[in-house]
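Dear colleague,

I am passing on the structure we spoke about, and below it I have set out what was found in it. Please have it open while you read.

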Amino acid sequence: MEKYIDIEIRNESDLYDKYNNLKASPELISYIIESSITFYSASKITLVVNNYLKKDIECKKLIDEGLRNEYKKSLRRHQRNNIAQVFYFVVGIFTLFLSTLVKSEIFKELIVIGGWVFIWELVEVELFSEMKGLKRRRLIKKILKSPIIERKL
């Protein structure tokens, strides 16, 4: 089943970034992605851009470039999460090892709890942030493969 995302471009502020006329508006890119979330994964997506601008501006290229930039941004977030996970793992394991060297039971238990907090943070990043990011990247890839129909009105 094919699903359509209608985009109305009535003025240049709908299309361009507020501070850079060479980039697509972040609100526009977010709208496209958020509108696609509700569609089933088997659905085909088609973007329909209704261009009301008087100037001859290619919206397709800007939207495509904006989606590609959003995908790259998501990949950078993924890389930062991976680095954070390695950090949490190393600190957690080191803290658990450190707890074996402490003689006092109270301090030993406090250090063990601290180590498990770092390990849990690693699991939390993987389960929540990474899963949401993976879903977003898959959705952006699907949108990038979708046709964009631009209507000059």
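To begin with a detail, which residue does the side chain of Lys-152 meet in a salt bridge? The partner is Glu-150, at 3.8 Å from N to O, and Lys-152 itself counts as partly exposed, with a relative accessibility of 47%. Please bear in mind throughout that this is a predicted model.

That pair belongs to a set of 9 salt bridges that the structure holds. Another joins Arg-10 to Glu-8, where the closest N and O atoms are 3.5 Å apart, and Glu-8 is partly exposed at a relative accessible area of 35%. In helix 3, Asp-64 and Arg-68 lie 4 residues apart, which is about one turn of the helix, and their side chains form a salt bridge of 3.0 Å, N to O. Of these two, Asp-64 is partly exposed with a relative accessible area of 23%, and Arg-68 is likewise partly exposed, at 42%. There is also a network of salt bridges that links Glu-34, Glu-70, Lys-73, Arg-77 and Arg-136.

Turning to the helices, the axes of helix 3 (residues 59-101) and helix 4 (residues 105-145) come within 8 Å and cross at roughly 165 degrees. Angles over 145 degrees count as roughly antiparallel, so helix 3 is roughly antiparallel to helix 4. Their crossing is left-handed, and the residues of the contact between helix 3 and helix 4 comprise 19 nonpolar, 12 polar and 10 charged ones.

Note on methods:
Residues are numbered from 1 along each chain as its sequence is written. This is a predicted model: local features need pLDDT of at least 70, side-chain atom pairs count only at pLDDT 80 or more; totals for chains, interfaces and linings use all residues. Side-chain values use heavy atoms; hydrogens and water are left out. Axes are lines fitted to C-alpha atoms, for helices over the stretch in contact, and angles run from 0 to 180 degrees between N-to-C directions. Helices (H or I, at least four residues) and strands (E, at least two) are DSSP runs, numbered from the N terminus. Angles under 35 degrees count as roughly parallel, over 145 as roughly antiparallel, 65 to 115 as roughly perpendicular and the rest as oblique. A crossing is left-handed if the near helix is turned anticlockwise from the far one by less than a right angle, and right-handed if clockwise. Ala, Val, Leu, Ile, Met, Phe, Trp, Tyr, Cys and Pro count as nonpolar, Asp, Glu, Lys and Arg as charged, and the others, Gly among them, as polar. A salt bridge is a side-chain nitrogen of Lys or Arg within 4 Å of a carboxyl oxygen of Asp or Glu. Buried means under 20% relative accessible area, exposed over 50%, partly exposed in between (1.4 Å probe, protein chains only).
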